[in-house]
Amino acid sequence: MRLIAALLLLLFAAPACAQTVSILAYHRFSPDHAPGATTVTTRVFAAQLDRIAALGIPVIPLRALFDGTTLPQRAVAITADDGHRSVFTEMFPLLQAHRFHATLFLNPPGLGHGTYLRWEEIAAMQASGLVDAEPHTMTHPDFRTERTRRPPEAFAAFLRQELEAPRRLLAARLGGTMDLLAWPYGINDPALHQAAQAAGYRAAFALGGRAAPPDAAPFAIPRYQVYDTDLGARFDAILSGRPRAKSQ
Ligand SMILES: [Zn+2]
């Protein structure tokens with residue numbers, strides 16, 4: 001037992017991985033099967049949270065990266081993009097069971113419709129103190145494609161609208177500062193970073209399959225897209241801050 005503890009300590013406290021935060025990016029959850037690459041079954045999500053708890057790795061609110069909190073050597077932050085209703089029905093009860101914090105990145109137009117979160121569900125999650133909401137642009141565009149479709153001035157106006165409107169709308173409905181952004185599809189570049197800063201954001205999150213070091217570029221902070229197959233050694237690698245293999 002002592003040997004296992006020592007090995008775990010080596011694995012999770014290795015200097016090469018020190019002071020990084022593994023930011024987990026989820027999308028939707030399903031109680032019985034995982035129909036798409038970005039869906040994680042409730043069973044797997046529960047196992048992942050159990051693993052974090054068993055290893056004693058602190059789950060920090062995403063905002064702790066910016067508010068002057070002294071971060072532990074190893075930490076995890078949980079995020080979920082797109083505002084699917086399964087965040088409320090599947091993810092939230094498990095967050096509550098563990099008292100783990102998560103940040104939702106939302107596109108306002110879909111909320112309240114179809115398979116997307118209802119406003120009162122978001123408010124209920126916020127009221128628990130375990131969940132906060134931040135913008136994920138207005139309409140979830142692929143900025144790379146949109147840029148090729150418009151002259152530069154028209155793209156600049158489109159971009160401004162996509163970045164500013166969700167801040168206003170979400171702040172009006174939910175309160176809060178709304179100054180953290182997740183890039184749709186993780187797509188970002190220096191011009192987009194500049195636009196996000198000009199629109200009042202203090203940081204933005206991408207994908208990239210690696211942990212966020214303390215000196216990460218503030219508008220391209222990497223997250224791990226989490227898959228239904230991320231169990232055992234695959235999930236431990238994420239928790240220890242190792243980059244994903246290129247093939248994944
Ligand atoms: Zn998204």
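Two strands pair if DSSP finds at least two bridges between them. Helices (H or I, at least four residues) and strands (E, at least two) are DSSP runs, numbered from the N terminus.

This is a predicted model, in which local features need pLDDT of at least 70 and side-chain atom pairs count only at pLDDT 80 or more, while totals for chains, interfaces and linings use all residues. Residues are numbered from 1 along each chain as its sequence is written, and side-chain values use heavy atoms, with hydrogens and water left out.

**Strand E9 and its partners**

Strand E9 spans residues 221–225. It pairs with strand E1 (residues 20–26) in the parallel sense, over 2 bridges. Here Leu24 stands opposite Tyr224 of E9. Strand E8 (residues 203–208) also pairs with E9 in the parallel sense, again over 2 bridges. In that pairing, Phe205 stands opposite Ile221 of E9.

How many residues of E9 are buried? The count is 5 of the 5, so the strand is largely enclosed by the rest of the structure. Buried means under 20% relative accessible area, exposed means over 50%, and partly exposed lies in between (1.4 Å probe, protein chains only). In a regular strand the side chains alternate between the two faces of the sheet. Both faces of E9 are covered. Ile221, Arg223 and Gln225 are buried on one side. Pro222 and Tyr224 are buried on the other.

**Salt bridges**

Side chains of opposite charge can pair when their charged atoms come close. A salt bridge is a side-chain nitrogen of Lys or Arg within 4 Å of a carboxyl oxygen of Asp or Glu. The whole structure holds 10 of them.

| Pair | Closest N to O |
|---|---|
| Asp230 and Arg234 | 3.2 Å |

The Arg244 pair links distant parts of the chain, 14 residues apart. Asp230 lies in the loop between E9 and H8, and Arg244 in the segment after helix H8 (232–239).

Is Asp230 buried or exposed? Its relative accessibility is 0%, so Asp230 counts as buried. Arg244 is buried too, because its relative accessible area is 14%. Arg234 is partly exposed, at 30%.

Arg150 is partly exposed, with a relative accessible area of 27%.

Elsewhere, Arg63, Glu134 and Asp179 are linked in a network of salt bridges.
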